[in-house]
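Here is a friendly walk through how the chains of this model meet. Keep the structure open beside the text as you read.

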Amino acid sequence: MEFNSVHDILDFAISKEQEAHDLYVHLAEIVSRPELKKTFGEFAQMELGHRTRLEKIKAGELPGLPDTVVQDLKLSDFLVDVSPHANMDYQDAILFAMKAEKRAYDLYIALGQATSDAGVRQVFDGLAQEELKHKQFFEAEYDDVILEGN
Amino acid sequence: MTTTETAELRRRVQLWFGPQHPGITGNMSVQAWLEGDTLTAGVTHVGYLHRGFEKLMERRRYIQSFPIVCRICVPEPDTNEYLLAAGLDELSGLAAEVPERGRWIRTLVLEMSRLQMNLMTLGGHIGAMAMGAAPNWLIAMRDFVLDRFEELTGGRIYHMFITYGGVRRDLPEGFAERMEADLEAIEEKLPLVDNVIFDSSVFRKRAIGVGVVPEEWVDEMSLSGPIVRAMGIPRDVRKDFPYEKYPELDFEVVTTTGSDIYARAWVRRQEIAQSIDLIRQILRKMPEGPYCAKLPNMLTWTIPPGQTYVRAEATRGEMGYYVVTDGSDKVRRVHVRAPSYVHGVALLERMIPGTNIADLAPLMVSFQVCPPEMER
Amino acid sequence: MSVKHTLAPFSAWLQAFSKPFTLPDKHGYREGADRYRGWHINDTKKCIGCGSCAEICQNVAIDMVPVDDPVKGDSGLRPRVDYGRCCWCALCVDVCPSGSLGMSNEYIWVEADADKFRYIPGVDPKPWDNAEKGWRQEEGFDLVDHERVPMPMLDPAERTKTWAEVVIGYSEEEARQEASRCVECGLCVAACPAHMHIPDYIAAIRDGDDIAALNIIYDNNPMPEMCGKVCTRRCEGVCSIGVQGDPLAIRWLKRYVTEQFDDLKDVVHAEVERVGEGKKVAIVGGGPSGVTVAYYLAIRGFDVTIYEALPQLGGATFFGIPKYRFPMPSLEKQVKLLTDSGVKIVTNHRVEKDEMRQLVKDNDAVFIGTGLMKPYGLRAPGEDLPGVMYALDMLRDHHIGKKVDITGKVVVVGGGNVAIDASRVSLRLGAEVTIAYRRRKVDMPADDEEIEDAEAEGVEIIPQAIPLRVEQTGDGRLDFIWGPAEMVQEEEGRRPRPKLIEGVENHMIVDRVIVAIGQGAEHSWMPEEIAEKIADKRGWITVDENGMTAYEGIFAGGDLVNSTADAISAIADGLRAVVGIQKYAGVLPQAEDEGSEPVAIAK
């Protein structure tokens, strides 16, 4: 992949968020548990929110990406992957979402390392931190709700 | 009084001595009739205190009664605290658990209390004769003892310190040394006091042969304390019915003869020396250890039904508590047998006829009347 | 009269030249003694507002008044002292269960306005607030009893050989003595989710009236014997005596009362109006919340039917809690009172979609209390290997009489009550048990006493152990592989989270892995149109202040609704629904509508 400007990168990231949104909308349709439809509907809305945020950054309405380092519980590192299916439960949904955020994070880290342009790398690192933040949100939910007794 | 007697009295000068009078020993008054300078009759009036301690206790939990009883004799509250504690200790079974040190501290407090009360009363003896210097010194000496009370119990007058199962606190660090220093200061001043009281011609003239209580009245009226000891009768609850640590202390009952105001003052003077000696003995013999038994929850403490009479030697005489419990969390009845009731009402009224008006105040002080004991 | 006696009075003049006793400066200040009983001070952060000071004050000089910034969990009240009445006896200081109240050694205070001599120590600022000296509590003199009457228990070595109850129970004398420790502050009432009348029944026990105590208990708890044995007892957590000593054994006292009667029928007298005659209510799920709704509606004349999938009522208290904690006869006794009160019970009956639709149609109200029945998975590689099982399934199978396959060395993953129960049941089935828990021991949601008991019986606990995967060994055993965790604090005030320390792998060769990490809701039995309306994204059900869900006429409670997952919260939910259902059915007596608020509590 070739990125010529920060705008290109952000466009790419925005398209990724849109993809994620579409996937959750799809999942909300296929799952059989009525309450899980709400879960995925909510996740889809969150991805939309991320998209809007990136668009605002692109338009210069928001300051650039943060350079704060987010705490990483690395829960998704050692839990098994989930493939979407109709019988998913809440644990599967959270697990699926945190794995998806982890993939996005890994992608931006890889892209950042692939480039020699320091400015471009900074943008990728920023995006990676954003994804890490999203991952952290799901990992915290997993830690609090699913692993309540552990 | 018969109708004839009352009619007779109406023809004489009537005088109200108190309740506002520097010579009266607290909140009571004496309605007296005069013929010349001589009192021919007197009636005591109480009711100015208006508290009803005994009744108050029937409406309060055991622990709540304990700040009340100290008020039954303001200058010497500890006897009351001890007696309520001793009575309820006995009825509740806590008596077996009062630790040794707790008993020693109780004895110490009782003796300190006797010491400061006798210092004040001795001052009262001469103050009632309108001599000011010695009472000031004696009150100052008493304050030395109150300083020690303050650091031991947290209060100078109302100590509220002896309680069920023992006492409320241990002796503070260095207490014995400070107590000793105070005792020495008191001892140093006492000869001076002796000089202006017992050697003074004024005091001797007004005290010797004045207010003589006949010996036949002792058993007839249940007299006790310095009044009987001033007749040469060695009657003292601390010896006759020993309590707390008195059996382990070395002392003789002070007696003298004469049965007049002078003799009673002399007994008190000797008992000051006795208390000083006893305090030294107590501080020397006191063992280490806990000072109070493990108490049950004081908000719900109930005591099985029972009754008992406990007694102790106050500076005024035998003080006794008749305590009745009914299994609830409040006392059913407390009756306070207080010496002032006998000495300040019955004995005083009997002594008044024939007394010179100027001798009434010294007479009352020599009986050491404490009015709250009459209207408990 | 001699010359000596005549001259003696004049010797007083000599004193004119000696050092005076009195203070030389009339404005001089003399400090009060170290333990002087002066003006009050109060550490309001330590004060819990229990009111024992006001209770012991024989002059009624202390009032408990509301303050602006109370500490969470206390009464929200602080003592205000009226010095027109105070006699400085300091009993308030000596009784203070929290040890917050003291007296400074200050004794001088001049004020023109007499009303000023009434203030809230620690709240109304005073110059002596930080006084170091003055009367304080001292060790060796207590006006309250800090020592709990010890509960007789089976010897740990004996316990694992039998299913007999570990806790033996108080004797009459022990119970009366323990009850006498209560100061009746009522903080426990506010802490109890069901707001049980704790000081009242403790007082009844103390006074020897067990029947009265039982009836006070049954006023708002239909499963007191269960609570008396296994309650999470938040009441004891706030007990004012517990601040400096052992909290009252509230749970054991309740247990004592319920154990005194073999049949409750003629002992419990419900004095309520039968307002619900002719109204019908169906209850899906016979756990504590369902039982609560059933009992309190049945005694009010409602026609109540409980549908329970398992062979016995009790929910998690039946299939989850081991019998050495809560024996069957205790449960059966409580269920019998239910049937005696006219509740119809249908066991071994799982309600399915169509039947649920019918129930909603046929009844005036339907209550759902199906609990959290779906165990969350380990979601680590090797979870599907034979020998890996879920604690919830294992416990249920064991309690309905099925054989459970526990043998050899067992590792239990988790630190909640379910994990502890699974461990102790496994011990009794002859296994050797280790618990692997992701967080620290202090973070374990299980009851402290349960943890202690488990350890005493021989369970080993490995804290900060994150399960990584399970592998099969050559000889058919399991290799449980875990990594150590460090604790990271994300936000102040939240429990720290464990984070894997990478690069270290520990191996534990075991025969069984029992997973007890948490559990979720299962709504597959529920018609979609209902589930859609009432369940949130996590599967939990939200209800309004009457216990009613977003679906009109359907009420819910228990673990599904509250996040605390304990029986007493389920009972509280049930009590809320009892009022809600009467209101919904239009039969709630006016007096009950106003409700009785518990004592004020700071939120």
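A salt bridge here is a side-chain nitrogen of Lys or Arg within 4 Å of a carboxyl oxygen of Asp or Glu. By that rule, chain B and chain C share 8 salt bridges, and chain A and chain C share 11 salt bridges.

Before going further, please note that this is a predicted model, in which local features need pLDDT of at least 70 and side-chain atom pairs count only at pLDDT 80 or more, while totals for chains, interfaces and linings use all residues. Residues are numbered from 1 along each chain as its sequence is written, chains are lettered from A and ligands numbered from 1 in the order in which they are written, and side-chain values use heavy atoms, with hydrogens and water left out.

**Who touches whom**

Contact means heavy atoms within 4.5 Å. Of the 2 pairs of chains that touch, chains B and C have the most contacts. Chain A and chain B do not touch, and their nearest C-alpha atoms are 39 Å apart.

The size of an interface is often given as the accessible area lost when the parts come together. Buried area is used in that sense here: the accessible area (1.4 Å probe) that two parts lose on being put together, summed over both.

| Interface | Buried area | Share from carbon and sulfur atoms |
|---|---|---|
| Chain A and chain C | about 3,300 Å² | 48% |
| Chain B and chain C | about 3,900 Å² | 56% |

**Chain B against chain C**

In this interface, 48 residues of chain B are in contact with 48 residues of chain C. Arg168(B), Arg169(B) and Leu299(B) supply 18% of the area that chain B buries against chain C, more than any other three residues. Arg169(B) also forms a salt bridge with Asp94(C), at 2.7 Å from N to O.

A polar contact is a pair of N or O atoms within 3.5 Å; within protein, one must be able to donate a hydrogen and the other to accept it, and residues adjacent in sequence count only if both atoms are side-chain atoms. Between chain B and chain C, 28 residue pairs are in polar contact (both at pLDDT 80 or more).

Which elements of chain B give two or more residues to the side that touches chain C? They are helix 3 (62-69), helix 6 (133-153), helix 7 (175-197) and helix 8 (201-207). Helices are DSSP runs (H or I, at least four residues), as strands are (E, at least two), numbered from the N terminus. Helix 6 of chain B gives the most, with 9 residues.

By class, this side of chain B has 22 nonpolar, 11 polar and 15 charged residues. Ala, Val, Leu, Ile, Met, Phe, Trp, Tyr, Cys and Pro count as nonpolar, Asp, Glu, Lys and Arg as charged, and the others, Gly among them, as polar.

**Chain A against chain C**

Here 33 residues of chain A are in contact with 44 residues of chain C. Glu35(A), Phe78(A) and Asn150(A) supply 21% of the area that chain A buries against chain C, more than any other three residues.

One of the salt bridges joins Asp144(A) to Arg497(C), with the closest N and O atoms 2.9 Å apart. Helix 2 (34-58), helix 3 (75-78), helix 4 (90-114) and helix 5 (118-146) of chain A are the elements that give two or more residues to the side touching chain C. Helix 5 of chain A gives the most, with 8 residues. That side of chain A divides into 14 nonpolar, 6 polar and 13 charged residues.
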